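Visitor: I'm new here and I like to know where the labels come from. Could you walk me through this one?

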Amino acid sequence: MEVTVTQGMLGAEIMFTAMIRDISERKQVEEQVFAEKELAEVTLASIGDAVITTDHRGVITYLNPVAERLTGWHREHAEGESLSVVYNVVQESNREPIADPVQLVLSRGTVSGLAIHAVLVRRDGEEFAIEDTVAPIRNRHNQVIGVVLVFHDVTKSRKLAQRLSHQATHDALTGLVNRVEFENRLQLLLDNAESEHVRHVLCYMDLDKFKIVNDTCGHVAGDELLRQLTRLFKSRVRGSDTLARLGGDEFSILFHACPLEQAFQIANQLRVAVEGFRFVWQGNSFVVGVSIGLVDLTGHEGQSLSSVMAAADSACYAAKNAGRNRVHVFQAQDLKHAQQPEQIQWVQRIEEALEQDRLRLQYQPIMSLQDEHEDGYYEIFVNMLDPDGRVLPPGAFMPAAERYNLMCLIDRWVVRNVLAWLSDTHTQHRVRLCALNLSAASLADDDFLQLVQTLFVEYHTVPSQICFEISETALMANFARASHFIYELRKLGCLFALDDFGSGLSAFSYLDELKIDFIKIDGNYVRDIADNRMDYAMVESINHLSHLLRIKTIAEFVESQASLEQLRAIGVDFVQGFFIAEPRPLEQLAGVRLMPR
């Protein structure tokens with residue numbers, strides 16, 4: 001039998017074969033597109049950030065599981081809805097709605113983000129602090145066909161930042177503004193008072209008979225008395241005023257935009273309220289009073305932070321000297337009073353010593369317990385000469401310098417002179433590391449960091465030879481600025497030590513973040529370590545935790561061979577104290593001999 005294949009049949013077969021091939025290729029393409037889409041969705045579903053995509057109208061086309069959880073909308077319900085319905089974002093401070101970032105991107109065609117302190121309100125009303133980024137989606141012709149919104153929950157980190165900020169500026173016991181923040185606000189008023197033609201009044205308050213409660217009933221009762229008086233003060237000051245606890249039983253108020261006469265009336269009302277207040281503790285009733293000093297902030301050029309604080313303290317002292325429990329407005333002769341507090345007299349002495357170059361540097365060796373050949377570590381101290389040339393130790397003038405905001409001037413003098421001294425080539429070869437103490441005031445000074453960076457360049461000093469010591473108290477009072485200060489100077493090569501560690505034990509959770517090189521264990525635990533089991537356990541714990549964080553330890557106040565041996569047994573890295581070597585004038589730093597190891 002013959003089979004004849006016509007031209008038509010052959011053409012049909014070719015067309016059929018081509019159709020099969022076309023269908024097969026199309027299925028392959030569809031499968032490839034599906035696989036890519038599935039991979040993209042799996043990827044988006046797996047990442048930790050929330051992702052929402054929209055079309056060119058701002059209508060939602062996709063939510064990943066994280067976005068579902070944060071918005072409270074399931075994907076099948078959200079798709080097809082306008083973004084503004086699902087993504088409800090407001091300002092944290094005033095609860096005002098934030099402009100739709102998607103519409104902004106669609107109109108501009110550029111990447112955008114939310115304003116700072118944005119809050120996402122979930123469908124059920126729960127809120128999350130968020131940060132986001134919105135970017136355009138473009139087709140192959142570079143046309144914007146939609147947007148992708150990526151955001152994540154920053155509630156914990158924002159609360160931590162807020163808590164640290166609050167701790168840095170507020171008193172832990174009363175919740176009032178602390179001394180550092182109060183002085184910052186006072187300085188701002190002084191800077192702007194003259195140009196704004198606004199009068200303010202500084203009020204300084206010192207409690208009378210507080211010590212009786214503290215000594216009779218203990219510090220727990222004293223703390224409760226301070227909390228109760230804080231509530232009394234807050235109920236009588238204006239909302240525009242700043243009420244602060246400066247420390248101990250000392251409070252202060254900044255009367256903003258307030259005439260002196262009005263400030264006097266408010267201060268006297270506070271005095272009368274305290275006079276009529278009765279503090280009851282365990283069946284005992286106590287009467288306290290308050291002596292108040294007022295200073296009119298005129299905004300004149302002669303009014304500096306240290307001068308007005310000294311004037312306020314002097315006015316308060318005048319109120320006490322006149323019989324206590326009264327209000328006194330500062331007069332120029334108050335500073336000249338024969339009975340004025342000794343610390344106020346120190347203000348003038350310190351300023352004169354700075355002007356007349358009567359500060360002197362001393363050093364104290366820091367000995368390694370791990371490597372007997374590792375010498376060249378020193379801590380630098382500053383003393384002051386009186387007009388007759390007698391040496392005054394730091395304890396004589398530092399409290400007044402801290403109280404009246406003069407520490408930054410002293411820190412500047414110390415850093416400049418130490419770097420100048422280290423710039424000498426012969427000195428550099430003898431010194432491995434110099435430790436310099438920094439005050440809380442310097443950490444809060446915006447210009448101090450820039451000055452230090454400039455001085456390193458000016459004196460061609462190696463930054464790795466400098467270790468800045470920051471006390472635990474100063475760190476917690478200025479955590480944000482201290483972190484920035486440490487970060488910037490570590491980039492240059494400087495090292496950092498946390499001084500007096502253990503007095504609060506509040507900073508362990510932040511040490512890894514701060515990148516501290518040394519911890520100086522509080523000398524109160526070291527001095528009697530050979531005889532006190534609790535002190536030994538405390539030092540051992542601090543040393544162990546520090547080493548876990550790869551931070552070296554320095555024990556201060558080593559005053560006996562027995563203490564030294566205990567510290568060696570614990571594994572402390574370095575020791576310092578009178579048993580090792582006493583402080584000596586810096587110019588004598590040559591051939592230093594330490595106690596035998």
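Guide: Let's begin with surface: accessible areas come from the Shrake-Rupley method with a 1.4 Å probe, and for residues only the protein chains shown count as cover. By that method the protein chain exposes about 30,700 Å², with carbon and sulfur atoms supplying 52% of it. Some ground rules: this is a predicted model, where local features need pLDDT of at least 70, side-chain atom pairs count only at pLDDT 80 or more, and totals for chains, interfaces and linings use all residues. Residues are numbered from 1 along each chain as its sequence is written, and side-chain values use heavy atoms, with hydrogens and water left out.

Visitor: How many helices and strands does the protein chain have?

Guide: There are 23 helices and 25 strands. Helices (H or I, at least four residues) and strands (E, at least two) are DSSP runs, numbered from the N terminus.

Visitor: What is F151 in contact with?

Guide: Contact means heavy atoms within 4.5 Å. Leaving aside neighbours within four places in sequence, the contacts of F151 include D49, A50, I52, Y87 and L120. L70 is also one of them, although F151 and L70 are 81 residues apart along the chain; their C-alpha atoms are separated by 9.6 Å. For the protein chain as a whole, among contacts between residues at least 6 apart in sequence, 64% join residues at least 24 apart.

Visitor: What makes R158 buried or exposed?

Guide: R158 has a relative accessible area of 11%, so it is buried. This residue sits in helix α6, residues 155-169. Not counting residues up to four places away in sequence, R158 touches E92, H117, A118, V119, A129, I130 and E131.

Visitor: And how do you know whether A273 is buried or exposed?

Guide: The value for A273 is 14% relative accessibility, so A273 counts as buried. It lies in helix α10, residues 260-275. A273 touches L232 and R236, again not counting residues up to four places away in sequence.

Visitor: How do you know which strands β8 pairs with?

Guide: Two strands pair if DSSP finds at least two bridges between them. With strand β13 (residues 289-297), β8 has 9 bridges, running antiparallel, and L202 stands opposite V295. With strand β10 (residues 250-255), there are 6 bridges, also in the antiparallel sense, and M205 has F251 as its bridge partner.

Visitor: What makes something here a cavity?

Guide: On a 1 Å grid over the protein atoms alone, a cavity is a set of points where a 1.4 Å probe fits but cannot get out; lining residues have an atom within 4 Å of a point. Grid points are joined across faces, edges and corners, and a volume is the space filled by probe spheres set on the points. The structure holds 1 cavity of 30 Å³ or more, and the largest cavity has a volume of about 60 Å³. Its lining includes I366, Y377, L433 and E469. The elements giving two or more residues to that lining are β19 (433-438) and β20 (466-471).

Notes. Buried < 20%, exposed > 50% of the residue type's maximum accessible area, 1.4 Å probe, protein only. 1 Å grid on protein atoms, 1.4 Å probe; cavity = no way out; pocket = protein on both sides within 12 Å on 5 of 7 lines; lining within 4 Å.
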